[in-house]
Amino acid sequence: MYSHKKIEKKWQAYWEKNRTFEAAEDPEKKKQYILDMFPYPSGDGLHVGHPEGYTANDIFARYLRMNGYNVLHPIGFDAFGLPAENYAIKQGVHPKESTEKNITHIREQLLAFGFSYDWSREVTTSSQKYYHWTQWLFLQLYRKGLAYKKSAPVNWCESCQTVLANEQVVSGECERCHTAVVQKKLEQWFLKVTAYAQELLSGLETLDWPAPIKTAQRNWIGKSEGAHISFPIADSHLSISVFTTRPDTLFGATYMVLAPEHELVEKLKKSMTNQYEVEAYQKATQKKSELQRTQLEKEKTGVALGGVYAINPATQENIPIWIADYVVPSYATGAIMAVPAHDSRDFSFAKKYHLPVRMVVCPHYPAPTCPILDEAYEGDGHLVESGKFTSMKNIEAKKAIAESVGGVLHTQYRLRDWLISRQRYWGAPIPIIYCANCGTQEVSEADLPVLLPTDVDFRPTGESPLMRSKKFHRVSCPKCGKRARRESDTMDTFMCSSWYYLRYPSADDAHHPFTQEKTSYWLPVDMYVGGAEHAVLHLLYARFITKALCDMGFLSFDEPFARLRNQGLILGEDGEKMSKSRGNVINPDDIIDAYGADTMRIYIMFMGPLEDAKPWNTSSIMGSRRFLDKAWDIFMKTADEDADAQSSEFLTRLLHKTIQKVTNDIVTFHFNTAISTLMMLLNGMQDAVKKGIPVGKKTKETFLLLLSPFAPHIAEELWESLGHAETLAYRAWPLYDEALLIEDAVTLVIQINGKVRDTMEVAAGISEDEAKKPFKWTLYKNGLQEKKSKKLFLSAEKFSISCVGSLK
C-alpha cells in the first residue's frame, strides 16, 4: 500500500540532511532566481489557498534544476506590521513571542508540502539582523533627498490607531479591520516615489508581467499631459494656479473649485461674506477619506466663497470660486477650472447649484447653434465661442490656447509619495534623532540597528508606543553630543518587503545588506509568483527601491522582477472567499494528514488554470489520490518486469507526446493540463499491464521524472524502487523525439447532413482523392444501417469527411 505519511517524512528528512536544494554561486552555470511572495506569520497559519502559488513556483524550480540551471529558491517571513501586532494584542502576549511561535508553525507547514526551498537563506523581517539593513536603506534614501518629513492630511484608522497609505484604504475603509478611515493632519515621513513616476511607467514595457497588473500600475501612476494656467483673483494680488489636461476648453470655464484645505481659502476669508459657512464645510470635509471624496458616483457638495471671484484669463470674465470636497489637495495644485459642458463631475455640480454651462467644443460644427446639453460632452470636435480659436479642431488648439494666456505645458502624475510613518510598536524604528540645537540628525550607520525597546505598553493609543519608552530616548545628538530624542514612529511593513529579494543571496552577511558579487550573479529575480492584490503596493514600492538603489550605484539593474505570475483565489466550498467569519477555511494540515502532500499538490494544480479563482471541493481531492495510488500500484505490479523489456510502439509514442506536452505546460504555467496529460500516460501504462504487455523501465523512469516536480515524495520513492541510490532532483529532464510525435494513422469522421455517421482509420497524410476511393462505408438511410460499397458520395445528400488527429 502507498503510505504517504511514511514516504513523505522519509524524503523530507533526506532533503534536509543532504541539503539537496541549497544553492551556491557558480559562474559556469546559468542561474534562475525563483521567488515566492513571502508569507506573513498570522496566528491562523496557512489555509489551502496559500500554497497554490508556492506549489506552482516549486514545480517550476524543480523543472529548472532538472534542466541544468543553478536555481535559487529561498523563503522567509514578512513578520513586522499590523496583522502580527493585532494578533499579539488579542492573545495578550508580546508581538515577538507570538510572531516567533507563528513562524515555527508556518515553517512546519511549508516543510510538510515538500517545497524545494533553500532554507539556509531564510530571512525574517522582524529580526535585528534584518531590520538593521532596512534602517540602512532608509538612511540612503534620506541622504539622497528621497525621504522627508512634512505635515500633511493623512488617512487615519481609529481602530488600528495608526496612519494608512492611500493604497491601504479600500472603499473608504481600512483594508485590515474595515473601519471607516478619516482624515487627520500629522507630521509624517514620506518616500519620494513621485521622483520616479516616469521611470516606473516606462519600465513596465520591459517586464513579462500579467497585463492587468501592468494596467493597474499605469492607472495608479496616472500620467496626464496638460498645462498650468493662472487665474487672477479679482481685486487682489493673489491668483489660483490650476493644472488642466483640457486647455482647449478654457473659454468654457464658468467657475473655479478649490480643495477645502487649499491655502488660499485661509487667505481669502477676510474677503468672504460667508466665512462661517465655509469653515463649517471645511470641518465636515476632515471626516472624509480621500477615496470617499473622489468617488465618481458620490453626490457633489460645495460652498461658494461669497463675494470672491477669479478672472478667466481667456474671456476676462469674473467667475465664482467654490470649495468642494471632490477636489483634493494631494493631486496637482488642489484647484480646478470647472468646465461643466465638457466634464461630467463639473456638469452635475453646475446643475445642482445652477451655475452656467457653456459649450465650447461642438461635434456638429458648423451647426448654426450648439445643442442644449443633457450631459457633459467629453469628446472631440471644433471650437465654438472661443474667440480667435473658434473653428479650430480642439485637439490642435490645446497648446495655442495655453500659451495665449501665459500657460506652461506640463506633465502631471496621479501617483503620490509613499507615507511610511506608523504610530505602532511592531515595526522597524526610523533611524532619526531630534536635537533642540542641531535639528534633525541621522543615526550613524555604526550605531545601527536602532533596537525596538521592551519597556513599553505596545497597545495602540493614537501615538507611537515608542514615545513612552524612557530607555529608547536616552540618546545624545551625534553632532553636538547634547541630550536628544529619537523618532518615535516605526516604518510601514512594506518598507521591509520592498527589498527582501536583495537580502536572500547575502542572507549570511553580517556586514552588508547585499554584496556586489552575489547580487550581480543572482539578481534580478527571474520568476516571481504571488497575489494580484499587491499590484500597486508591494510591487510598485519594490520597483521604486530598486531604481533608487540603482541610481545610487548599489545595483546594476533597475527592475527587481523580470517575470511575474499571479495565482487566483482558492475559494471555500461555498464559493466565497475563505475567512474565519464565514467558517469556510480549510486547514491544509488536515488535508495532508488524510491524503498526503503530493495529493494536495496535484489537486490544487489540477483544479483549473493557475490565475483563475476556483472553489475548493474536498470530495474531489480523491481523484488526485487515486491517480497516485494507481501509479504506485503499477510500479508494484511491474517490479519484477525484465529490466530489458521494451514498451510497445503505442506506449512509446504516447510517452514522447507526454514529454512534449508536460514540458510546454510547465514553461507556460499550465499545470492543470500537464497533470491531465500525465494521467493519460498512466492510463496507457495501466492498459499495458492489464494486457500483459511490458511497460519498460525507460518508460517508468521517464514517467517519474515528469511526475517529480508535481509529486516529489512518491516520485523519489518509486525512483529508488527502480534501483537508483541518488535523488532524482537533479536528473536530466527527458527529451522527446520529434519523429515519434508524428502519427502513422489518423481517424476520419464521416458526416452526413452535418451529423457524425461513422469513423475510419486511414494512413496519415492521405489525400482527399485517396479518401474517395471505394471503401465499405456504413450508411444510414431512413434510420436503417446498410453496408454498401460506394465509389461516389451520395449526390442527394451533403456528405463530408473531417479529420480527428494531426492530419493537416
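In which loop is Leu 204 found? In this predicted model, Leu 204 lies in the loop that runs between α6 (197-203) and α7 (211-221). The residue is buried, and its relative accessible area is 0%.

Setting aside residues up to four places away in sequence, Leu 204 touches Lys 214, Gln 217, Arg 218 and Arg 543. Arg 543 is 339 residues from Leu 204 in sequence, yet the C-alpha atoms of the two are 9.9 Å apart in space.

## Tyr 54 in helix α2

Helix α2 (residues 51-66) contains Tyr 54. Tyr 54 counts as buried because its relative accessible area is 7%, under the 20% limit for that class.

Beyond residues up to four places away in sequence, the contacts of Tyr 54 are Asp 36, Met 37, Phe 38, Pro 39, Leu 110, Phe 115 and Tyr 117. Ile 621 stands 567 residues from Tyr 54 along the chain, and 19 Å separates their C-alpha atoms.

## Nonpolar cores

The largest nonpolar core has 85 residues, of which Phe 138, Leu 141, Trp 418 and Tyr 501 touch the most other members. When neighbours within four places in sequence are left aside, Phe 138 is in contact with Ala 147, Trp 189, Ile 420, Ile 430, Pro 431, Ile 432, Met 491 and Met 495. There is also a second, separate core of 81 residues, and Trp 632, Leu 681, Val 695 and Ile 714 are among them.

## The second largest pocket

The volume of the second largest pocket is about 570 Å³. It is lined by 30 residues, and the closest to the pocket centre are Gln 128, Tyr 131, Leu 451, Leu 452 and Pro 453.

Which elements each supply at least two residues of this lining? They are α4 (95-112), α5 (128-143) and β23 (475-476). The largest share, five residues, is contributed by α4. Sorted by class, the lining of the second largest pocket consists of 15 nonpolar, eight polar and seven charged residues.

## Pairing of strand β10

Strands of a sheet pair through backbone hydrogen bonds, in either a parallel or an antiparallel sense. Strand β10 (residues 223-232) pairs with strand β18 (residues 408-413) in the antiparallel sense, over six bridges. Within this pairing, Lys 223 stands opposite Tyr 413 in β18.

Strand β10 also pairs with strand β11 (residues 239-244), again antiparallel and over six bridges. Here Ala 227 has Thr 244 of β11 as its bridge partner. The hairpin of β10 and β11 has six residues between the strands, and in this hairpin Asp 235 takes a positive phi near 55 degrees.

## A four-stranded open sheet

Four strands form an open sheet with antiparallel pairing, in the order β6-β5-β9-β19. Why is one side of β6 and of β19 left without a neighbour in the sheet? Both β6 (162-164) and β19 (418-419) stand at the edges, each with a single partner strand, so one side of each has no neighbour in the sheet.

Strand β5 (residues 147-157) is joined to β6 by three bridges, and the two run antiparallel. Across this pairing, Asn 155 stands opposite Leu 164 in β6.

Notes: Residues numbered from 1 in each chain as written. Predicted model: local features only at pLDDT ≥ 70, side-chain atom pairs only at ≥ 80, totals over all residues. Heavy atoms only, no water. Buried < 20%, exposed > 50% of the residue type's maximum accessible area, 1.4 Å probe, protein only. Contact = heavy atoms within 4.5 Å. Core = buried A, V, L, I, M, F, W, Y, C linked by side-chain atoms within 4.5 Å. 1 Å grid on protein atoms, 1.4 Å probe; cavity = no way out; pocket = protein on both sides within 12 Å on 5 of 7 lines; lining within 4 Å. Points joined across faces, edges and corners; volume = space filled by probe spheres on them. Nonpolar A, V, L, I, M, F, W, Y, C, P; charged D, E, K, R; others polar. Pairing = 2+ DSSP bridges.
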